[in-house]
Amino acid sequence: MNAAEEEIKELRKRQEKILTQSDRKMWSAVEEHGESPELRNQARAKEFVELLKDADGRPVAELNTGVSRRDFFKWVSAAGALMTSSACTRRPKDLLIPFVNKPEGYTYGAPVWYASTSPSGLGVLVKTREGRPIKLEGNPDHPQSKGGLNAQTQAEILNLYNPERLQAPLDQSGKKISWSNADETIKSALAAAPAGSVRLLSGDFTSPSLASAIRNFSDRYKAQHTVLSSLPYIHLARANEMIGGSRGIPEFDFTKADVVLSVDCDFLGSWLRPVEFTKAFSSRRNLHRENKDVNRLFCFESMLSTTGTSSDARYSIKPSQQLDVLLAVASELSKVLRFDPSFQEILSSYSSDKVGAAVGIAPEVFQEVAMALAEARGKSLVVAGGFGPQALEAQLACMAINVVLGNIGSTVNTGRHLVSYEQSEVRFQELIQDAMNAQVSVLIIRESDAAYTRANSDFAKACRKIPLIVYLGRETNDTSKLAHLVLPESHFLEAWGDSEAYSGIVSIQQPAIQPIFDSRSFLECLLVWMGSDQTKAKDYVQRHSGVGTAWEKTLRDGFVQRSQAALNFSPRWSAAAAAIAAAPKSGNAMELVSYASIQMGDGSFANNAWLMEMPDPISKVTWDNFAALSPATAKKLGIRERKPSDDCVDQIEIKSGASRIKLPVFLIPGLRDDVVGVALGYGRREAGSIGSGVGANAFALGRQAATGELQLSGQEVEVVKIGEKHLLACTQRHFDIHGRDNDILQRTTLAEFLKDPKAAKKIEFEGESMYEKFHYPGHRWGMSIDLNKCTGCHACVISCQSENNVPVVGKDQVSRGRYMGWLRLDLYHWGEPDNLEASSFEPMLCQQCESAPCETVCPVLATVHSSDGLNDMVYNRCVGTRYCANNCPYKVRHFNFFQYSDALAGKVNVDAASPLAMMLNPDVTVRTRGVMEKCTFCVQRIRKGVDVFKAKGESKVEDGAIKTACQQSCPADAISFGDINDPNSDVSRMAAKAQSFKVLEVLNTNPSVSYLPRVYNKGASS
Amino acid sequence: MSRLEEEPLVEGGKTYRQVTDDVCRPLESFPTKKWYVAFTAASLLMLFGFSLIGYMIATGTGQSGIRNPVNWGMMIITFVFWVGIGHAGTLISAILFLFRQKWRTGINRSAEAMTIFAVICAGIFPLIHTGRPWYSAYWLFPYPNQMGPLWVNFRSPLVWDVFAVSTYFTISLVFWYTGLVPDIATVRDRAKNWFRKKIYGVLALGWRGSSRGWSHYEVCYMILAGIATPLVLSVHSVVSFDFAVGIIPGWHTTIFPPYFVAGAIFSGFAMVVTLLVIAREVFGLKEYITMQHLDNMNKVILATGSLVGLAYGTEFFIAWYSGVPYERFIFMQRAFGDYYQWAYLTMITCNVLIPQPFWFKKARRSIWWMFTASIFVNIGMWFERFVIVVTSLAQDFLPSSWGYFRLSPWDIGVLAGSFGLFFTLFLLFCRFLPTVSIGEVKAVIPTKKEGAHHG
C-alpha cells in the first residue's frame, strides 16, 4: 500500500469519525430521514471523498495543502465576483428596436426581397435585411434589363445611406425648418404668383405619374415645366421627327443586328440605355463551333470607349468627322442600294476616297463596312452618339442609312420607343431670359444641377432675380446653393413612383424602407403643394401609372406591360437632306471630346465614394478626370511619358473661347493627334466631402450650337502645358500584355476560330503534379468568364463592393497601390499607341486554385482549401504576413493596410452613429486592419444556397440557384457560375468548350475559373 | 623545411598581465567622451525607431511603403540583411575555431556579440511587418490550444524561419556566453567594489579557473562550436526559402541557399571590419586586432564577394537557359529595365566591383580603403535584398498588376532605428563586457617558449 492510499484512508477515517460523533440529525433528502445514522454516514463518506486515480488505476494522493477544495472555490468565486463588480460600468445606451409585432412570414436573418425600379427605369430587386435595403440586383424578369444592372444603380445603396444627404428642409441661411413651414412659404408664394410666373425645372425623368402630377400642378398654378437633360440626347428625337414624322426615339434592337456600325456611340457604356443594349448585344456573342451567327461591330470613335474596346474593328476620328464617316459609308452603300435622290446628291461629294483622305482612314475600310452592312440588310444597325457639332445631322444620316438598309421595323423598332420628356435647350434659355426679365416669381428645381452642367450660361445670374427658388434634391449641389429653400428629397428606395423608360413597359418603384431622414419625394411634394396629402402618393402612382387592377401582381413582378401605339414612320427626306447639306464641316483644329464616363455620367453621382473610386474602365484612373491625349500630341506639348515611378503627371490647360480648365494628362492609345478627351461629371464644387473639387468641369467648355442645342464635343480648343504636376491614382499602369497572350488572354479571329476552336491557343499545357489531386466529394464551385461578352462596364465591380463590404480607401491610398476591389477588370491593348489594333478586358478575381500558391505559404493557416473548391479566408486567424499576396500569381489579394472599413476614403465615417453602418451586408465580415481579403465566390451566398437545398433534403444544389454578386449584375451575361463537378451545369459546359482556357495555366495552379477567349469578328475573309 | 615567418597574432610583446589590463580597461575606467557621444546618438536613433514602430502599431502597416503587388518591403529586406550580418560572428567563432584558425581569437568575441545584436535587430522585423503583430507574436509558434487543435502551417517557410532564427539566436547566445564565462570571472576577480563583484560574480557562474574547469570548458566550447557550425549554413538557407519556395519569377530558384549564405558571410565580414576598425581605434586594441586580422577578413570579403558575383551571373545564365519567359523578363528588367535598374547597378557596384582591390595586399591593409569598402559592401548587400524582394514582386506574371514600390519616410526611419539599436547594444557591450577574449588571446601571445598554456 503506497503512501497516498494510506493518507486517504486516514482522511476517510477522520471524516467518518466527525460524522458519526455528530449528534445533530442531519438529512439532506426526505428518503434519508429515518435511515440509520450508520447507513447515512457511509453514504456521505462515499459521496464526498472520491479518490483520484492515475492512469494505472492507483489512487493518487490528494494534495494536502491546508486549503480545501471547497475553500479554494469559495475564494475564487469571491475574487471573481469582486473583479466583475469592479469592472462594471453603466452599459452604454443602445438603440435596438425589435419589431413589436413581428410581421407575418418574417424570419429574422432571412432577407426579404422587393421588386422596384431605379430612376433610370431599370428593374431592380431590393434585398432587405431586418428592414433595411443592403443590395440591389437586377430583376431577371424585367423585359428590358433582364436582370442586368449598371454600376451607378448598384451604387444607389450608398447614396441611400449617405450621411451627407439633406436631412431636413433648410432655409437660405442653412437653418433647419419644418416641412410645414416650408410648405406654407411655398404655397403662399404659389398663390401670390402672377400667372405664368411659376416655373418648374427638372432633369429628364421616366415616371408617367410624375409627368401627370407635373401637368396637374402646371394647370393649377399656371406653371411652366422646363426639362433640362444634363446630357443632350434631344437630337435623336428630333432626327426621328424630321425623317419619321413622329417624335420619339425608336427602340434599337441589338439582338437582331448581325452588323452594327457605331459612330462615336458608346452604346455599351453610357449612351441612352447601356444595360439593355449590352444585354441584347452580348446575346449575339455566343460562340459555338457551328455558330456563324456572331455579330460584328464596327466602331469609329473619337475617344476610346468600352464600345470601342468591345468592337471587332475600331477607327479613330474626331467629333466633327462623324458625319463624314457616315456619309462615306452611305456613299459606298449607294453603289448597291437606292437612297432618296436628295440624299444621293449629297453623297456624291462624300466618296470614300475623299473622306478617307480627309479623315486618314483607308477608303477600303468604308467599303468593307458598307459591304458588311449591305450583306446584312434588315439585320444591321447604324447608331451615332456623342455631343458633337453635327449631332443632329449624324442622327439624320444614321436614320437614312437604317431606312435604306431596311432596318426600320427590325433592328430599329418603331413599335416601341424610348420615353423622354427632354426638351430643347432653347426652353432653358427662355427660362433664363424670363428670369432676367423678372417674369419668374417661383422657381422649383428638382434634382437638376443646372448651375453646374450649364456652368457658362447665365443661369446663376438669372437666379438672383427670382424671389423664391425652391430646390428639391437628395444632396446639396451648385444649384441648391442658389436656392432660398432647400428641401430633402427621398431616395428612390424610400418613396413610391414608377418608370416608363420604354413605352408600354411600366415599372413600379416600390419603397423598401421608410425615409431615413425627414424627406419627401418630388411627387409627394407636388401633391402637398396642390393641397393633397403626401400619403396619397401611392394611390396617385397606382392611378396614373396605368397599371390597372393587377396592382399587387405588378408590385410583385415589378412591372407591367401594356399595349401601346406604334410610332408612325413614313420617311420624308427633303428637310433631312437640307439639314445635312448645311451641316458644319470638320476643320483642322484641335477638338475637344467630352464624354459621359461610366462611373460619373453627368456628375450627379459625384459624391458616391464607390463610383469615385471605381477605376475608369479605359484609363484605370480613380478619383479624377483627365485630359486624354495621344502619345504623339503629348510629346509635341513637351509632356514626358509617364515612368513607372511617376505618381504625378503634367497638367495642361484646355481653352475654349473664354473658358478654360486645368487637367492632368493621361495618354490613351487609339486617339487621333488632334483631339483631347475629357470626361464630364467631374469638377463639382458643392458635392460633399467625396466629390467636391475632384477633377475639372468639362461642361464649362460647352457652348450653344447654331441649332440652339448644347454642344459639348467638337469645339475648337487650345491646349497648353502648364508647369504644374498632379497626382493621378491608377489601379493599372501597364496595358501592354508583353507577348504573354497564350498564358494570360487568348484571342483569335472568328474565321480562325471556325476553322479550329483552339486557334487562340498557341501552346497547350499539360499539367503534371507530384501531389495527388485534391478530392472534391460534393460540389466544386467554379466560374467561367466569356471575354467575348465582357464590355468592361464595371457593374460587377460595384456589385461585389456592395455585396462584400469592400472598403473605399481614397485617392492617396489608391495611388499607393492599395485599391481594395476584389474584382478588377484588366485591360490590355495590342498594337502601337498610334495604331491600336485591338483591346480586351479581362475580369480578374480570385481564381480559387486547386493547387493554390497562397495556401501553402500562410504560416497560420488563415487561408485554407475547402472541400467544395474554395480558397477560404479565415479573417480572424490572419495575422497579415502578406506572403499569400506575394505568392499569388494573379495578384487578387488585398491587404488592409489601415483600418479602411472605418470610413469611406478616410473622410466619411462608417460607425454606429452613421447611417452608413446600415449599408453593410450582415452576412459578410467587416475586415479589420492588418488582414488580407479577397474574393470568396460570395461564399455567404453559396452557404445559404446549399442550406436551402439541404433543408429540402436534396444533396445537390440546382444549377443556377446560386449566383455570385458579379454574375447577377453582369448585363452582358459574361459570367457563369456553378458546380464544375456536375458535367451538365452551365459552367461545366462553358469550361468544357475546346477554346476555354485558364489564366497562367503553365503554373499548374489549376484555377476554378476558366475563360473563353476573345474572338474578333473580322468577317469571313480574314 | 623553411617557412615564412608568420606575423604574430598579438603585437607589442604583451605579457599576460598587460593583456588582462588592456582588455579590462574600458570596463574599469570611466567612459570616454567619445563613448558618450556615440551612445547618445545611437540610443536616440534607437528610440526614434521604436517610437516609429509604436506609431505604426497604433495606426497601421500602411505607414510602410508596401503595396500591391510589392507586399514585402523594407522590413523583410532589413530582416534578411541583419540575419546575414549575424553570420560572420558564427562563422568566425565556430567554423574558424573548428579549423583551428588561431587568428580568430582577437576578433571572435566582438564578432559573436555582433551576431547576437544583429539577430536581435533582425528579430524585430518579422514581427512588426505583420498586419497584426499582437497576434503574430504567438500565433506563429506551435502552442497547444483548444482550437481543434490548430497548429501553424508547417509547409510555410515563414514557420521554418521562426524555428531557424530562434534556434540560431539561442545557440549563438549560449555559445557567446560560454566563451565569456572565464573572462567575466577575470573581471570579477579584479573588481574593487562590492556591487561590481556581485554582478560579475553572478554572471561568472562560479568560475574558478581550475584545470578541471578549463578542461570541461574546452569540451563544451568545442561541442557548441560543432552545433553552431551547421547553423551558419542552415539559417540563411532557410531564410532564402522564403523566396525560393515562392512561385514568383526571380524568387523561384534553387540557387538561393548557397547564394544567400555566401552573401550573408560577405556582409557579416564587412560589418565586422567596420566595427573593428572603429573599436581598435577607440578602445586602443590595435595590438590585439592587428593588420593580420583585418587582412584575413578582407580576403574572406573578397572571396565571398566573388562568390556572390558568380551567383549573380549564374542567375542570369539560368534565367536564359531555363527558357522561362517570365524569369528571363524579370532578369532583363533588373539589369536594363525602367523599374529598379538603379538598385541593381548599386548592388553590382558595391558587391562585385568594390571588393576587387582586395586582390592587392596594399588595399587589404589600408584602413581607409577597407573601412570605405566595408560600408559600401553593406549598402550593396542591403540593395541585393531589395533587388530580390522588390523587383521580383513589382513585375510578376500579369502586367496589369505591376506597380512601383517606394520606401516611405517611415521605412527609412525604422531602418535607421535598427542601426541605432544595433550600435546601442554594441556600445553597451564594449562598455560592460571584455571585447577581446582574454583567455584565448593569452594562448596565442607569441612567447619564446612554444606551446605556452593558459595563464
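Predicted model: local features only at pLDDT ≥ 70, side-chain atom pairs only at ≥ 80, totals over all residues.

Student: Into which domains is chain A divided?

Tutor: Domain bounds come from an automatic or database domain assignment. In chain A they are domain 1 (3-87), domain 2 (161-227 + 422-499 + 505-561), domain 3 (252-418), domain 4 (588-730) and domain 5 (741-764 + 777-1016).

Student: How many residues do domain 3 of chain A and domain 4 of chain A bring to their contact?

Tutor: Two residues are in contact if their C-beta atoms, placed from the backbone, lie within 7 Å. Domain 3 of chain A gives 19 residues and domain 4 of chain A gives 24 residues. On the side of domain 3 of chain A that touches domain 4 of chain A there are seven nonpolar, nine polar and three charged residues. Here Ala, Val, Leu, Ile, Met, Phe, Trp, Tyr, Cys and Pro count as nonpolar, Asp, Glu, Lys and Arg as charged, and the others, Gly among them, as polar. The centres of these two domains, taken over C-alpha atoms, are 27 Å apart.

Student: What is the secondary structure of chain B, and what does its radius of gyration agree with?

Tutor: Helices (H or I, at least four residues) and strands (E, at least two) are DSSP runs, numbered from the N terminus. Chain B has 16 helices and zero strands. The radius of gyration is taken over C-alpha atoms, and the globule rule is 2.2 Å times the number of residues to the power 0.38. For 455 residues a compact globule would have a value near 23 Å, and the 23 Å of chain B agrees with this. Along its principal axes, the C-alpha trace of chain B spans about 70 × 60 × 40 Å. Among contacts in chain B between residues at least 6 apart in sequence, 82% join residues at least 24 apart.

Student: Which elements of chain B give two or more residues to the side that touches chain A?

Tutor: In this contact, 41 residues of chain B meet 44 residues of chain A. The elements in question are α5 (133-139) and α6 (157-190) of chain B. That side of chain B comprises 21 nonpolar, 15 polar and five charged residues.

Student: How is a sheet read, and why is one side of β3 and of β5 of chain A left without a neighbour?

Tutor: Two strands pair if DSSP finds at least two bridges between them. One open sheet of chain A has three strands in the order β3-β4-β5, with antiparallel pairing. β3 (112-117) and β5 (132-138) of chain A stand at the edges with a single partner strand each, so one side of each has no neighbour in the sheet. Six bridges join β3(A) to β4 (residues 123-129) of chain A, and A:Ser116 stands opposite A:Val124 in β4(A).

Student: In which sense does β24 of chain A pair with β22 of chain A and with β23 of chain A?

Tutor: β22 (residues 627-629) of chain A and β24 (residues 659-667) of chain A are parallel over three bridges, with A:Ala627 opposite A:Val665 in β24(A). β23 (residues 648-656) of chain A pairs with β24(A) in the antiparallel sense over six bridges, and A:Ile652 has A:Leu663 as its bridge partner in β24(A). The hairpin of β23(A) and β24(A) has two residues between the strands, and A:Gly657 in it takes a positive phi near 60°.

Notes: Residues numbered from 1 in each chain as written. Chains lettered and ligands numbered in written order.
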